[in-house]
Amino acid sequence: MSSTASGVRHGVVPSYLLARLAESGRFPKAAAAARQTLTAGRPPFRARIDLSIDENGDLVAQLSDAPNRTISDAGNTQQLPGAVVRSEDDTPVEDTAVNEAFDGLGATFEMLLAAFDRNSLDDAGAPLDATVHYGVDYDNAFWDGERMVFGDGDGEVFQHFTGSLTVIGHELAHGVVQHTANLEYQGQPGALNESIADVFGALTEQYALGQTADQATWLIGAEIFTDAVEGAALRSMIAPGTAYDDDELGKDPQPDHMNGFVRTTEDNGGVHINSGIPNRAFALFALDLGGKAWERAGTVWYRALTGGLSSTATFTQFADATVAAATTIDRATAAAARRAWTTVGVYEDERVPSTD
């Protein structure tokens, strides 16, 4: 909950989950860490040469975009950015969190470049910066408008946020949203902001593993719970509301259909809760199309995000934008998009996008 360019910290762990954990009697250390996390202060272009051998046996050199990563260590303080501990051309260090952050930033860069021909978060080669070991037992990871920040977790409930590629891809995706539609972090636009970040987080993991849509788990943050928690992940894109069900943390509150849309003043109007609806729409869309989700399905979502989408877009307006983007691919892709939005109740039927 550090300040960003828009005054909002986009943390991967929702405040309602931390608030529930803060009252835990079963996890005293985690409860103290959650209280501390909730009250914490809100705090050049590169290229690479790819070498290959052509059919004549000649060496071919191609110039392509490359990431520019810098990892800093806050030393368990809440002072950003911290001391630089690894830069782009450095070899791995002994600190696992540093190396995981470095690799995760690189994996996200590679997915954006390969899937969408996007050069970093701003499409202009922006440096990728991250800080590890933020705070003491800090139970979150977040994008602060300029960098990724990772806590270490309390060890009882949350652990090594750098170990989850979906978390890293999710948080960096907030940077992509910031540089494109800049969706307001409130209500339905905020839930879309969170959902698009989940989509990119899932795509980052799937791209890195070479998975097809039907091979993927569609889980966000599967690695950050300890074994003491009854749950698989923070969120399930394909089955919202099923990610965890724990005596202390409660049950995953995400709806999977507009019939369950939650109206609340908490969580910026339920941005982490109602994001389950567009999350499921994307997962269903990708599974319907088959193959690798970052190809057709991801391209449609990316084009909708970057095609003049309003910062106050509703679910229906975003759905219309995805169908319009899908139509530029082919009729089958557009039909699949309409089916997905109909299944989750954003469309009452498989209609064509509005023209107003």
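Modeller: Let me start with a definition: helix axes here are lines fitted to C-alpha atoms over the stretch in contact, and angles run from 0 to 180 degrees between N-to-C directions. Please keep in mind that this is a predicted model.

Colleague: Thanks! At roughly what angle do the axes of helix 5 and helix 6 cross?

Modeller: Two packed helices are described by the angle between their axes and the distance between the axes. Helix 5 covers residues 187-209 and helix 6 covers residues 267-274. Their axes come within 7 Å, and the crossing angle is roughly 40 degrees.

Colleague: Is the crossing of helix 5 and helix 6 left-handed or right-handed, and which residues of helix 6 make the contact?

Modeller: The crossing of these two helices is right-handed. Helix 5 brings Gly 187, Gly 190, Ala 191 and Glu 194 to the contact. Helix 6 answers with Asn 268, Gly 269, Val 271, His 272 and Asn 274.

Colleague: Let's turn to helix 7 and helix 10. How many residues of their contact are nonpolar?

Modeller: The axes of helix 7 (residues 276-289) and helix 10 (residues 331-343) come within 8 Å and cross at roughly 140 degrees. Among the residues making the contact are Leu 284 and Phe 285 of helix 7, and Ala 337 and Trp 341 of helix 10. Sorted by type, the contact has 2 polar and 3 charged residues, while the nonpolar count is 9.

Colleague: Leu 105 is in helix 3. Is Leu 105 buried or exposed?

Modeller: Beyond its neighbours within four places in sequence, Leu 105 is in contact with residues including Ile 71, Leu 128, Ile 168 and Leu 172. The cut-off for burial is under 20% relative accessible area. Because the relative accessible area of Leu 105 is 0%, this residue is buried.

Colleague: How far apart in space are Leu 172 and Leu 121, C-alpha to C-alpha?

Modeller: Leu 172 sits in helix 4, and with 1% relative accessibility it counts as buried. Its contacts, leaving aside neighbours within four places in sequence, are Leu 105, Thr 108, Leu 121, Trp 143 and Met 148. Although Leu 172 and Leu 121 are 51 residues apart in sequence, their C-alpha separation in space is 7.3 Å.

Colleague: Now for backbone geometry: is the peptide bond from Leu 80 to Pro 81 cis or trans?

Modeller: Pro 81 lies in the loop between strand 4 (69-73) and strand 5 (83-87). Omega for the bond from Leu 80 to Pro 81 is near 10 degrees, and the bond is cis.

Colleague: Last one: does Asp 137 count as buried or partly exposed?

Modeller: Asp 137 is found in the loop between strand 6 and strand 7, where His 133 also lies. Phi is positive in both residues, at about 55 degrees for His 133 and near 55 degrees for Asp 137. His 133 is buried, with a relative accessible area of 15%. Asp 137 has 25% relative accessibility, so it counts as partly exposed.

Notes
Residues numbered from 1 in each chain as written. Predicted model: local features only at pLDDT ≥ 70, side-chain atom pairs only at ≥ 80, totals over all residues. Heavy atoms only, no water. Helix = DSSP H or I, 4+ residues; strand = E, 2+ residues; numbered from the N terminus. Left-handed = near helix turned anticlockwise from the far one by under 90°. Contact = heavy atoms within 4.5 Å. Buried < 20%, exposed > 50% of the residue type's maximum accessible area, 1.4 Å probe, protein only. Nonpolar A, V, L, I, M, F, W, Y, C, P; charged D, E, K, R; others polar.
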